[in-house]
Amino acid sequence: MTTPPPPWAPTDTFGPLDDKLGIRILDFDPDRLVATMPVEGNQQPFGLLHGGATCALMESIGSWAAMLGAGEGRKAVGIELNASYVKAATSGVVTAVCTPVRRGRSLATFLIQVTDDQDQLTASGRLTCMILPA
């Protein structure tokens, strides 16, 4: 882990879905949050990484980035997610990198790029979060 979560960040908020999908945050830098998720166990019936699992990965790390950027005493909830799939992932681990597009007082938007083990883009998305008092 390069950047640990700040001491005020709730470390028990890795929810049951994140646990089921195997999502792990590797770097809590709000300007470049990085997470991974295994393909195995998250496939659709044809053996490809399920688009819903990819969206859950994007939503999870984007919400974390929004919360970290908003600071202590604030929380973030996703209000819009757009995803495009460009290449199927069939094995290994995918890595998602989340970077801010715009941070405001009440809304924050992030770009999320998901790559496979060969560093090939598999999906990209944009998440907008509403920032609220905690």
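I began with Asn42, which counts as buried at 6% relative accessibility. I am working from a predicted model. I placed Asn42 in the loop between strand 2 (33–38) and helix 2 (51–70), and I found its side chain reaching the backbone oxygen of Pro38 at 2.8 Å. Setting aside neighbours within four places in sequence, I listed the contacts of Asn42 as Lys20, Leu21, Met37, Leu48, Leu49, His50 and Ala53.

Next I looked up the sheet, and I noted six strands in an open, antiparallel arrangement with the order 1-2-4-5-6-3. Strand 1 (24–27) and strand 3 (74–85) are the edge strands, each pairing on one side only. I then followed the pairing of strand 3 with strand 6 (residues 121–133), which is antiparallel and runs over eleven bridges; here I noted Lys75 opposite Leu132 of strand 6. Helix 2 lies across strands 1, 2 and 3, strand 4 (93–103), strand 5 (107–115) and strand 6, and I recorded its direction as about 145 degrees to strand 3.

Last, I checked the cysteines, and I counted zero disulfides. Cys98 is in no disulfide, the nearest cysteine sulfur being that of Cys129 at 8.2 Å. Cys98 is buried, with a relative accessible area of 0%, and Cys129 is buried with a relative accessible area of 0%.

How values were computed:
Residues are numbered from 1 along each chain as its sequence is written. This is a predicted model: local features need pLDDT of at least 70, side-chain atom pairs count only at pLDDT 80 or more; totals for chains, interfaces and linings use all residues. Side-chain values use heavy atoms; hydrogens and water are left out. A disulfide is a pair of cysteine sulfur atoms within 2.5 Å. Buried means under 20% relative accessible area, exposed over 50%, partly exposed in between (1.4 Å probe, protein chains only). Helices (H or I, at least four residues) and strands (E, at least two) are DSSP runs, numbered from the N terminus. A polar contact is a pair of N or O atoms within 3.5 Å; within protein, one must be able to donate a hydrogen and the other to accept it, and residues adjacent in sequence count only if both atoms are side-chain atoms. Contact means heavy atoms within 4.5 Å. Two strands pair if DSSP finds at least two bridges between them. Axes are lines fitted to C-alpha atoms, for helices over the stretch in contact, and angles run from 0 to 180 degrees between N-to-C directions.
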